[in-house]
Structures are given as C-alpha cells and as structure tokens.
Amino acid sequence: MKFDDHGLVPAIVQDADTGDVLTLAYMNEESLRRTIETGETWFWSRSRNELWHKGATSGNTQSVVSIAVDCDEDAVLVTVRPQGPACHKGENSCFHTDIKPATRAASVRLGRQLEELYKVIETRKRERPQKSYTSYLFDEGLDKILKKLGEETTETIVAAKNTDHQKFVGEVADLIYHLLVLLVERDVDLTEVSSELEQRANGGRRSE
C-alpha cells in the first residue's frame, strides 16, 4: 500500500449484497492489519487521532467479505455485510443526502416504488388474502384483469383531456397498478421490461 504523508489511505466501504456504498473512511497500516486479522472493519479517526473499531460501541459492526486495492495502490475497497446502519445518524449509508436534480431523484424513487408494489402484488397472488382487491382480480382471472386495465386506460385518456391535474395523476397511478397486476398474472418480471427498454435505448429493433 502507498500511504499518504499522514500514513493513511481512503477506504471505501461497500455492502456486498446490495452494492450500496456505505461510507468513506481512512485506514492506516495498523487499522488495515486489524481489519484483515479480525474480519471486521477498523479505521483511523482523523478527528480523534486514534484507531476505532466500527460498531465497538453501537454494535453496528461490519463483517468483511473482501478487500481490494486500486490500480495505484493508494486506496482500498472493502466489501462487507453490515450488522446495522453504517452512518452515525442511523442511516444505512453515510451517503443518504441526495443533491442530484429533483427529477433524477424522483425517477429513482419511482423505480423503487414500482419494484415494491410488484412484490406486494406477487404476494397477494400467492397468498390470496380475503377482502383484498388484488386477490379479487386474480381470483376472477385474466379476462377480468384485462377488462379493468382497459377501463383504467380509458379513464386515463379522459382525464388527460381535462384540466384537473391531480385527477389525471391519480388515473395514471391506477393504470400503472393494473398493468403491474397483468404483468404478475402473465409471469413477466420487471427486469424483462427493463431489459427490453435498455435494448431499445441502445438502438435495438422493436420486436414485431
């Protein structure tokens, strides 16, 4: 390792399962050695000027999965399985403050919401809880799901012709929900749709 003039190297800590970057800390030779030997992350605190074992007081330790050195040998990437939040503010990642444009942040949030809703719909199909509208649709079968999707499509078109902005947004949300129900009914995963869109974005031809 090529430590800087203060005997330190930046250490990027990444969740081994999700790929999320959890924190950026610093290691000296001793903390790197302890990390390797103990299988848990150790760092050097520049503010306190001392070694610190992540989770020693909070219990939020990080079990090391792998350690990689960059091409210049002056930074390390530590992949871990965290036993709790990485951030002292209780967040899973220290990088929880988003300064990207609002539209980009909203699109990321929408993607996550669609994934979560898809999973809920899958659960409803599998477990069929009583008094669930989603269960009712699956019980009635494909024809009922298609009928409702057609109705929601029409209602969305009508709302788009009117001036009530919130009404239109609500109809779009209903349409998306019923479309997800259809995808689950037909066993089409969201990753398949994502792959198709990516192929088209890269110049692939639409299937006939």
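Let me start with the strand pair S1 and S2: strand S1, residues 9-15, pairs with S2 in the antiparallel sense over six bridges. Strands count as paired here if DSSP finds at least two bridges between them.

Before going on, a word on the source. This is a predicted model, in which local features need pLDDT of at least 70 and side-chain atom pairs count only at pLDDT 80 or more, while totals for chains, interfaces and linings use all residues. Residues are numbered from 1 along each chain as its sequence is written, and side-chain values use heavy atoms, with hydrogens and water left out.

Now the sheet. S1 and S2 belong to an open sheet of four strands, in the order S2-S1-S6-S5, with mixed pairing. S2 (21-27) and S5 (62-69) are the edge strands; each has a single partner strand, so one side of each is left without a neighbour in the sheet. On average, neighbouring strands are turned by 25 degrees against each other, direction ignored.

Helix H1, residues 29-38, lies across S2 and S5, and runs at about 130 degrees to S2. Axes are lines fitted to C-alpha atoms, for helices over the stretch in contact, and angles run from 0 to 180 degrees between N-to-C directions.

Next, the whole chain. It has six helices and six strands, these being DSSP runs numbered from the N terminus, with helices (H or I) of at least four residues and strands (E) of at least two. The pattern along the sequence is β-β-α-β-β-β-β-α-α-α-α-α. The radius of gyration is 24 Å, well over the 17 Å that the globule rule gives for 208 residues, so the chain is more spread out than a compact globule. That radius is taken over C-alpha atoms, and the rule is 2.2 Å times the number of residues to the power 0.38. Along its principal axes the C-alpha trace spans about 70 × 40 × 35 Å. Of the 208 residues, 25% count as buried, meaning under 20% relative accessible area with a 1.4 Å probe, protein chains only.

Last, a helix pair. H3 (residues 133-140) and H4 (residues 142-161) pack at about 125 degrees, with axes 5 Å apart. That makes H3 oblique to H4; the oblique class is what remains after under 35 degrees (roughly parallel), over 145 (roughly antiparallel) and 65 to 115 (roughly perpendicular). In H3, Tyr 133, Tyr 136, Leu 137, Phe 138 and Glu 140 meet Leu 142, Lys 144, Ile 145 and Lys 148 of H4, where contact means heavy atoms within 4.5 Å.

Methods
Buried < 20%, exposed > 50% of the residue type's maximum accessible area, 1.4 Å probe, protein only.
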